[in-house]
Structure formats: C-alpha cells, structure tokens
Amino acid sequence: MSLDWPQVSRFTTPEDSVGYLLWQVLHMWQRRASEGLAEIGLTHMQFTLLAGLGWLGRHGDAPTQAALAAHCQIDAMTVSQVVRKLEAKGMVTRTDHPDDTRAKALALTDAGMAALKAALPEIERMDDAFFTP
C-alpha cells in the first residue's frame, strides 16, 4: 500500500518543511556538541544541567530539581535521572532544601565546576564554528 502523498501533505519533499530542516540542524548541532563533550566525559544533557545549575546557583542560592527542570525546560523525571548520574560522578550534590522539606537542593561540586569550566569554552567554540557562515 502506498501513501497518496499530495492528499496528506502540502510538501513536495521533506526539505520543503521548516520543521524537518530544523530537526536536521538540531541533530547535527547536537552530534557536534556531543563529540566535544565526550572528551570531557559529559553527555549533552549532563552539560545542559550542569550549565543550568551553575547559572541558577551563581548567587549562592540552592536551586531545586524542579527549578532546574523549569529553567532548562526539561521534564522533571529526566532531570532527576541525569542528576542522579551527575551525583554518582561526583559532580553534583543533593541535600535537603533549607526552605522546602519536600525538595532537594542541588549544588555543583568542585568536580562539577571543573567539568563545567572545561565544557563551556568547548561548547562556545563549537557554536562559533557551527553557526559562522
């Protein structure tokens, strides 16, 4: 059975769809980011959460996992799983939150800060190379 393409889509080719092109560019960018981060021992998701945590904690605050999830726009279950992995790698600590007994406060460890300091310039170099015409 064959799909009658003109009956279901206004596009002649996938490349006519901005969404399809955006998907391709996004994955190309993620692959390049992942390659650079692999040398530092991070996945792209781990980097994103470390960077988000570094940003949220820059004034000495104790961000929660929920705040990190909202800031990074990543679902709470994924954040929880990745934070556990970062905690196991010694890059993040989770402690009881001082203001909310139901929440955990997150903080970068020295190892997490070192990884973030190594990763940020790598990501910025990759961004420059990727987005420069």
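Is Gln-73 buried or exposed?

1. Gln-73. This is a predicted model. In it, Gln-73 counts as exposed, because its relative accessibility is 73% and the cut-off for exposed is over 50%. Gln-73 sits in the loop between α4 and α5. Its backbone deserves a look too. Most residues other than glycine have a negative phi. Gln-73 is not a glycine, yet it has a positive phi of about 55 degrees.

2. Helix α5. Just after α5, Gly-90 takes a positive phi of about 80 degrees.

3. Met-91. Look at the loop between α5 and β1, where Met-91 is found. Met-91 is buried, because its relative accessible area is 9% and buried means under 20%. Leaving out residues up to four places away in sequence, Met-91 touches Leu-42, Leu-50, Leu-86, Ala-107, Leu-108, Thr-109, Ala-111, Gly-112 and Ala-115. Take Ala-111 from that list. Met-91 and Ala-111 are 20 residues apart along the chain, but their C-alpha atoms are separated by 5.1 Å.

4. Helix α2. This helix covers residues 18-38, which makes 21 residues. At 1.5 Å a residue it should span 30 Å, and its end C-alpha atoms are 30 Å apart, so the two values agree. Its buried residues are Trp-29, Ala-33, Gly-36 and Leu-37. Seen down the axis of α2, these fall within an arc of 95 degrees, so they line one face of the helix. The face turned away from them carries the exposed residues Trp-23, Glu-35 and Ala-38. On the buried side, the packing partners are α3 (44-56) and α6 (110-131).

5. Glu-39. Between α2 and α3 there is a loop, and Glu-39 lies in it. Its relative accessibility is 72%, so Glu-39 counts as exposed. Compare its place with that of Leu-68, 29 residues away along the chain: the two C-alpha atoms are separated by 25 Å.

6. α3 with α6. Two packed helices are described by the angle between their axes and the distance between the axes. For α3 and α6, the axes come within 10 Å and cross at roughly 110 degrees. That makes α3 roughly perpendicular to α6. On the α3 side, the contact is made by Phe-47, Leu-50, Ala-51 and Gly-54. On the α6 side, Gly-112, Ala-115, Leu-116, Ala-119, Leu-120 and Ile-123 take part. By class, this contact has eight nonpolar, two polar and no charged residues.

7. α3 with α4. Here too the axes come within 10 Å and cross at roughly 110 degrees. The helices α3 and α4 are therefore roughly perpendicular to each other. From α3, the contact uses Thr-48, Leu-49, Gly-52, Leu-53, Trp-55 and Leu-56. From α4, it uses Ala-67, Leu-68, His-71 and Cys-72. The class count is seven nonpolar, three polar and no charged residues.

Terms used: Residues are numbered from 1 along each chain as its sequence is written. This is a predicted model: local features need pLDDT of at least 70, side-chain atom pairs count only at pLDDT 80 or more; totals for chains, interfaces and linings use all residues. Side-chain values use heavy atoms; hydrogens and water are left out. Helices (H or I, at least four residues) and strands (E, at least two) are DSSP runs, numbered from the N terminus. The expected span of a helix is 1.5 Å times one less than its number of residues. Buried means under 20% relative accessible area, exposed over 50%, partly exposed in between (1.4 Å probe, protein chains only). The arc is that of the directions from the helix axis to the C-beta atoms. Contact means heavy atoms within 4.5 Å. Axes are lines fitted to C-alpha atoms, for helices over the stretch in contact, and angles run from 0 to 180 degrees between N-to-C directions. Angles under 35 degrees count as roughly parallel, over 145 as roughly antiparallel, 65 to 115 as roughly perpendicular and the rest as oblique. Ala, Val, Leu, Ile, Met, Phe, Trp, Tyr, Cys and Pro count as nonpolar, Asp, Glu, Lys and Arg as charged, and the others, Gly among them, as polar.
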